[in-house]
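Subject: Structure handover and notes

Hello,

Please find below the structure you will be working with. Have a look at it first, then read the notes that follow.

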Amino acid sequence: MPSEAGGLPHPRELTGRIRHLLVYRRTGQAAVAVTAGALTGLMVVFMHYLIIGWEYLMTGYTDYAPTGGAAHGWLGIGSWFVIFTPVISALIYGPLMQKWAPTTRGLGIPEVMLAVRRNGGDMPRNVWFIKVIAAALTIGGGGSVGKVGPVVQTGAAISSMIARRLRMPVKRVMVLVACGATAGVSATFNAPLAAAVFAMEVILVQFSAEIFGLAVLSSVSSVLVSRAILGDKFIISLPGAYNLESQLDLWAVPLVGLLCGLTGLLLSKTLYLLADLLDRIDRGPEWRRPVVGSIFLGLGLWMFPELFGTSTTIQTEALLGAYTASALLLHAGLKILFSTYTVAIGGAGGLFAPSMYIGAIVGTAIGMYLEPLTSTSPAVFGVIGMGACFAGAIRAPMAAVLLIIEMTGQYGLVLPLMLAIVIATGTSRFLSRKTIYTEKLIRRGDILDDPVDATLMGNNAAKTLMGPVPGLIATTNTIPEASQIMRSSESSLLPVVDEEGKFVGTVSSMELASARLSDDTPPTVADLHLSTASVPASATPSVFMQRMLATHVAGMPVVESGEVIGWISSEELVRRMYREQRRALERREAESSWGSRWQQRHANRDIDEATS
């Protein structure tokens, strides 16, 4: 496109240059990551006030849990009103999610993991807004879940939309979506470093300096927005610094790690146990389950109002010793039940924050029971328990250590936290290969870390890898006719079909040549000995390659419903290997930096000068 008068580029040309900068230059990618982070930070703030506003409308308080079951703050009606708050919320978000965004039901982080690692970062367009509304209604209406899952899904969806508008390559889309997820965690917990590590440890499952840098930029921009509006403070504010009073008390840390890790695993298993139970009981429309289920949730909240929403006040009070050890364990058990039940009935919320809430309570209770044997405050074990329970459920040990430190400011507990979290992670992995996130995906057939995917052909079915059929020989063809078809196809093996077009077998050029030279030449191909080896359209590479090796053939027909629909040939498989190798080499050569490009330009200039 030519430039306009005066040397200015045409608007379309200028747009193309800007897009090239944002998509293919690291400075541009950094700018996009910062923008995605800032937008996600704004959505976190919006959701924060939406939850507070809805909770105030429903209860008359901005934080109802610490009131102990008070009457409605401004209507003055008795505490029985709590029975109806989750039902009213579900009547709104249930139909809303079913119609506009079914993937917003339940845990949101698994959907982001699937989008990044399976779908090239592509997410539904309307997820970001519906998820925020549904989560605010769920939590503000009493659902005992966290908001991290929703904001992670929202941040990822916003980043996916930006990447789609810029027409980014798939690899860059995946990284940007992970940056959006990072921003959601960062702004929610005021934990920028932990959020960046979480994205690489759980969402992308890959580490590099470049990805970490983009994640940090997104994380920092997000947390700066939230701090500017909501303030800069620790999520769990404890008086003073806590430490192990004696190094001898370190013996208790593995015990806390083990028990809280098991608690995290129990949280995961309880969720899917309840989900299976509700699947058997309720087979109606999706909107009905949260509405009917919320009646029982409301009754539970009426009896135990401390479990309303996602209050951190109760968590802080538990760490500071406001309850007995037996009361804490009862509260932890109820929290596991209420949180998992809210998700199982279809509420929009996560178990990221509840896992730490439960860990804090269980860890503090363990510390109280160990008081006669240690000189360390139970609150120390409560903080350690937060990270251990989180690690037991999610298995993100590095993020767990950083997250607890950034949430509480207890930097002196790094050593015992690391020990407890590693033990919790190991215990959880020993007892179950699935995390609370991957189990949701595995149950519906989405396997993220399948080793077969790392192979050249992966899990592709024969129908995906096959090429066109080189030719077909009919059973009614004479031997000379079949030989002519074979020569025209430039193949040494062809499938044979009957008069109805159904697969009968294969014949080779050697068999046809032998038949022609025979003293008793068969009249038609039907009279030859045909090989019946073939593969179904759904066959995996291991199946059809094993058959090709066993039969010593260079090709094999792909058959579906009795008809030949394609052809798998060794030549085509080699071509595929070559294409994959060439693409890998091109990607390697495409990796560059400003310094390497500057060096290359000067090297080329020196060569030109030497040859001129």
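In helix 4, the buried residues are Ile109, Pro110, Glu111, Val112, Met113, Leu114, Ala115, Val116 and Arg117. Buried means under 20% relative accessible area, exposed means over 50%, and partly exposed lies in between, using a 1.4 Å probe and protein chains only. Helices (H or I, at least four residues) and strands (E, at least two) are DSSP runs, numbered from the N terminus. Helix 4 covers residues 109-117, and nine of its nine residues are buried, so this helix is largely enclosed by the rest of the structure. Its buried residues pack against helix 6 (148-166), helix 7 (170-189), helix 8 (192-204), helix 14 and helix 18.

Before going further, please note that this is a predicted model, in which local features need pLDDT of at least 70, side-chain atom pairs count only at pLDDT 80 or more, and totals for chains, interfaces and linings use all residues. Residues are numbered from 1 along each chain as its sequence is written, and side-chain values use heavy atoms, with hydrogens and water left out.

**The whole protein**

The protein has 24 helices and six strands. Of its 612 residues, 50% count as buried. Along its principal axes, the C-alpha trace spans about 100 × 75 × 55 Å. Contact means heavy atoms within 4.5 Å. Among contacts between residues at least 6 apart in sequence, 73% join residues at least 24 apart.

The protein is divided into domain 1 (11-230), domain 2 (247-444) and domain 3 (462-573); these bounds come from an automatic or database domain assignment. The centres of domain 2 and domain 3, taken over C-alpha atoms, are separated by 60 Å.

**Lysine 440**

Is lysine 440 buried or exposed? Lysine 440 counts as buried because its relative accessibility is 16%. This lysine lies in helix 18, residues 438-443. Its side chain reaches the backbone oxygen of leucine 107 at 2.7 Å. That is a polar contact, a pair of N or O atoms within 3.5 Å; within protein, one must be able to donate a hydrogen and the other to accept it, and residues adjacent in sequence count only if both atoms are side-chain atoms. Leaving aside neighbours within four places in sequence, lysine 440 is in contact with Arg105, Gly106, Leu107, Pro110, Glu111 and Tyr272.

**Aromatic rings**

The structure holds nine aromatic pairs. One of them is formed by phenylalanine 352 and phenylalanine 390, which are edge-to-face at 4.8 Å centre to centre, with 65° between the planes. Rings of Phe, Tyr and Trp (its six-membered ring) pair if their centres lie within 6.5 Å; planes under 30 degrees apart count as stacked, over 60 as edge-to-face and the rest as tilted. The pair links distant parts of the chain, with phenylalanine 352 in helix 14 (residues 352-369) and phenylalanine 390 in helix 15 (residues 378-394), 38 residues apart. Phenylalanine 352 is buried with a relative accessible area of 1%, and phenylalanine 390 is buried with 0%. Elsewhere, Tyr61, Tyr64, Phe81 and Phe308 form one aromatic cluster.

Two lysines also involve rings. The charged end of lysine 99 sits over the ring of tryptophan 100, 5.0 Å from its centre. The charged end of lysine 335 sits over the ring of tyrosine 357, 4.4 Å from its centre. A charge sits over a ring if NZ of Lys or CZ of Arg is within 6 Å of the ring centre and within 35 degrees of the ring normal.

An open sheet of three strands has the order 1-2-3 and mixed pairing. Strand 1 and strand 3 (503-508) stand at the edges, each with a single partner strand, so one side of each has no neighbour in the sheet. Two strands pair if DSSP finds at least two bridges between them. Strand 2 (residues 493-497) and strand 3 run antiparallel and are joined by five bridges. Valine 497 stands opposite phenylalanine 503 in strand 3.

Glycine 471 lies in the loop between helix 19 (462-465) and strand 1 (473-474). This glycine counts as buried at 15% relative accessibility. Not counting residues up to four places away in sequence, glycine 471 touches Leu494 and Pro495.

Strand 5 (residues 555-560) and strand 6 run antiparallel, joined by six bridges. They form a hairpin with two residues between them, and serine 561 in the turn has a positive phi of about 55°. Strand 6 (residues 563-569) is mostly covered, with five of its seven residues buried.

Regards
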